[in-house]
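Please keep the sequence and the structure in view while reading.

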Amino acid sequence: MRRMTRGFPGALALALLVLAAVRAPAQQVPHPKDVFGFEPGADHELATYDQMLQYYDRLDAASDRVQKIEIGTSTHGRPQLLLLISSEDNLRQLDRWRSISERLARARMSDDEARRLAGEGRAIVWIDGGMHATERAHGQMTSLLAYRVVTEESEEMRNIRENVVLLLVPVINPDGLDRVTSWYQKVRGTPFACTSPPVLYQEYVGHDNNRDWYMILQRETRNVARVLYHEWYPQIVYNHHQTSPAWTRIFHPPFFDPVNPSIPAGVIKGTNLVGEAMGKRFVDLNMPGAISRSGFDMWWNGGMRTAPYYHNMVGILTETGHACPVPQYWDPKAMPANVGGARGGAPTDRPTLYYPLPWQGGWARFRDAVNYMIEGSIAVLDIGAERREEWLYNIYRMGRESIVAGEAGKPFAWVIAPDQWDPGEAVELVNVLRRGGVEVQRATSEFRAGGRSFPAGSYIAYAAQPYRPHVVDLMEPQKYPDARQYPGGPPIPPYDMAGWTLPIQMGVNVVRVDEPFQAETAAVEMASAEGRVTGDARFGYLLSHRVNAGFRAVNRLLKAGERVSWAGSAFRVGGQEHEAGTIVVESRRGTRERAEGLARELGLEFVGVASRPEAELYPLRVPRIGLYKSWQSNMDEGWTRWILENHEFPFDTLHDREMRTADLSRYDAIIIPDQSRDGILHGHLPGTMPDEYVGGIGLEGAGRLEEYVRNGGTVVTLDAASDFAIEQFGLPLRNVVTGLREEEFYIPGSLIAMEVDATHPYAYGMPENAAAFFVDSRAFDVRESASAGDWKAEEPPVEVLARYRDRDLLLSGWALGAERYLGRRIAAARVRHGAGDVVLLGFRSQFRGQPRGTFKLLLNALHASTLPRLPGRAGVTAAASGGTR
């Protein structure tokens, strides 16, 4: 967008305004090929992010129909852009259109006022590209879409510009686009041209950047969520992807069942309406292969297009075929009889309701994908313009209905009191809600609700708010329907997770209150934990092991040279009981200043003690950690790396070669993230990737890892990696759910109850009851040749850290056969192997950075690996371990 520079003489300014008014937009605006050197979608070509930034700078400078702003930076510091595209007059009134959109979305006005504003406002439509970077076309397509919306002078496009403000994020994942483009340039012209990079295309989460939309943890997610839920409040959100069912060209809504009951009916019908408009456009333009009601449902809250449902926004997903710039021929003779699979399949030899114009095969090109995406985008913009007033009024209506429903109660509110197992995670839960636009209040005085008293400082999320569907969905357990291919047959898997209730997985006590109450409150922008330092610290300070933030504090203190220990048993100080595992920091010069700084920053409470606690103290040191990183890019490795960095654990990355050749004895602990046994051993098979990325750790690496454990090292395995350790190390455990038919046992992604031995050092700080995020995970039994017992028993080979509960296991989601196959089975164990330990976590205790209630099962093992002795563990000498331990 051209902007007048201040200080111009009046005559010159007037002349420039006249010149700007008479020039023809299409003649002045650059085409993407003018910068890229090729048309977006051209065979064998990909534009880089630097080229895109250059193009959007030129586009912004050339046209008064576009305004470019930077909404933040990516993980690697690249600018994340938002283009606002509309008519010249609309862009001059952006504040007005944004304000109307916000007021309608917040829904606190009369119906008459809402109708007036809906009549005045402009529809706000969001479209993005480039999220999943290996789905290469949409990040390229957005440049051409921007050019077309800015320059095209058809009646349809003029109507779009007059009635819609387009929020276009050309590349939602800039780092990924650069990584994928760089990889393509390396393998271009080889048999590997369509392969994915051997590293995650988002630094920490890769494909899971579309799984972060209710927690909102990653930087790119936070930038976008701020625009969606705090600034612009679009009525329609369109998220481009590229995994259409084989032998189709594009998937578009309507979606497959089930539908989450928290989603408003207006969102469901609005999504169907937009999807049908897209399908009609494809048919009108004779673009075959557009299928709907296949594969993707409306249950899970956590994706870029699904989270908006719970904010009264229409969420659109398309999955377009052909994600690679290399042409491919689909031989019509090989066409299957049906496409789409068990979830909404359709025949290919005749039109059907959800597949009216089947594709007959032939050549598929990158530009085809670009064309389908552009026409799908224009269909969304067109219906946004044609029904502008309806979209604006409906987001108000749904918000207003949510407020009225909340005022009626059941539930009326959720209260988070200050007295929590881990107060810091209660604060984090509040901030998760706030990042998602949920209104949260904090009590300024004591109040009564639900028959009990709550103190000042309690947080309250009232149900009477426009985003009530989002609060209900995150706070209440999910009950996924028993969906089968036929009665008693195999389950129809959900798209992603079946259950995710935040208080359960985060370990936060939230009190649901059904009846109305009154409280004096103040609105919360973002919450913070309040820390303090108290007591006579002549000996030192005590810090609870319950708080996750304590790991950051301990690692900083150790790095600063402080003496930090775990208490090996419970003890009393000044009449107060302190649990086994309490963190003890001995006083020395500078300790108080460090404790005060950590208390302020992390919200921790350090309690001074005048004398040494009457418990054996186990001194810690900075752990030396290796994190295995396969060349099969692994999201669980990325999330584990993110967790380690956020808790300030130093670590080295170990690739396959290092696992085979490095001196592993330098490490106290080695983490093997969730990955299949074959993936760890064999990696990419020969001929599927360039030679330097082929293979896994192999039998040689497995043998060296087993030797490392026998000599005193600690290996921590997550979920599927446990199968590898059991087999390769000959551990006395078996996975009891392997090989079961899905009709017998199936838990696709749900919260399962478990009981924790919180007296075990590896479970210090855990409550006795917790939830495992079970995603096709593991459950163990001890083989008959071994015995599992209480960890206090002398030299037991298997020490149980946690077991699945014997009944009422399902806390949220869907579970078939849980009590029969999981009841009382081992969820997590420490297995002595030679002089070392293998810690088997049968589920991902750090899954996607969400289940903060079980982080300690991973992080405790890392600190424990530095201890020369622990109850139930024989001493390990430096000679045995190959270094000081």
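**The disulfide**

The model under discussion is predicted. It holds one disulfide. This disulfide joins C194 to C324, with an S to S distance of 1.9 Å. The pair links distant parts of the chain, since the two cysteines are 130 residues apart. C194 belongs to the loop between α10 (174–187) and α11 (219–232), whereas C324 belongs to the loop between β10 (314–320) and β11 (328–330). The torsion about the S-S bond of C194 and C324 is about -75°, and the disulfide is therefore left-handed.

The two partners can also be described by their accessibility. C194 has a relative accessible area of 41% and is partly exposed. C324, at 8% relative accessibility, counts as buried, because the cut-off for a buried residue is under 20%.

**Aromatic pairs**

The structure holds 33 aromatic pairs. Two of them are set out below.

| Pair | Centre to centre | Angle between planes | Arrangement |
|---|---|---|---|
| Y55 and Y56 | 5.5 Å | 65° | edge-to-face |
| F724 and F729 | 6.1 Å | 65° | edge-to-face |

Why is the pair of F724 and F729 edge-to-face? The planes of its rings stand at 65°, and an angle over 60 degrees counts as edge-to-face.

Are Y55 and Y56 buried or exposed? Y55 counts as buried at 0% relative accessibility, and Y56 is buried with a relative accessible area of 1%. In the other pair, F724 counts as buried at 1% relative accessibility, and F729 is buried with a relative accessible area of 5%.

**A cluster and charges over rings**

Aromatic residues also form a cluster, made up of F251, F255, F296, W300 and Y495. One member of this cluster, F255, has R305 over its face, at 4.1 Å from the ring centre. A further arginine, R249, lies over the face of W359, at 4.5 Å from the ring centre.

**Helix α9**

Helix α9 covers residues 155–163. Which of its residues are buried? They are M157, I160, R161 and N163.

How values were computed
Residues numbered from 1 in each chain as written. Predicted model: local features only at pLDDT ≥ 70, side-chain atom pairs only at ≥ 80, totals over all residues. Heavy atoms only, no water. Buried < 20%, exposed > 50% of the residue type's maximum accessible area, 1.4 Å probe, protein only. Helix = DSSP H or I, 4+ residues; strand = E, 2+ residues; numbered from the N terminus. Disulfide = S-S within 2.5 Å. Phe/Tyr/Trp six-rings, centres within 6.5 Å; stacked < 30°, edge-to-face > 60°. Lys NZ or Arg CZ within 6 Å of the ring centre and 35° of its normal.
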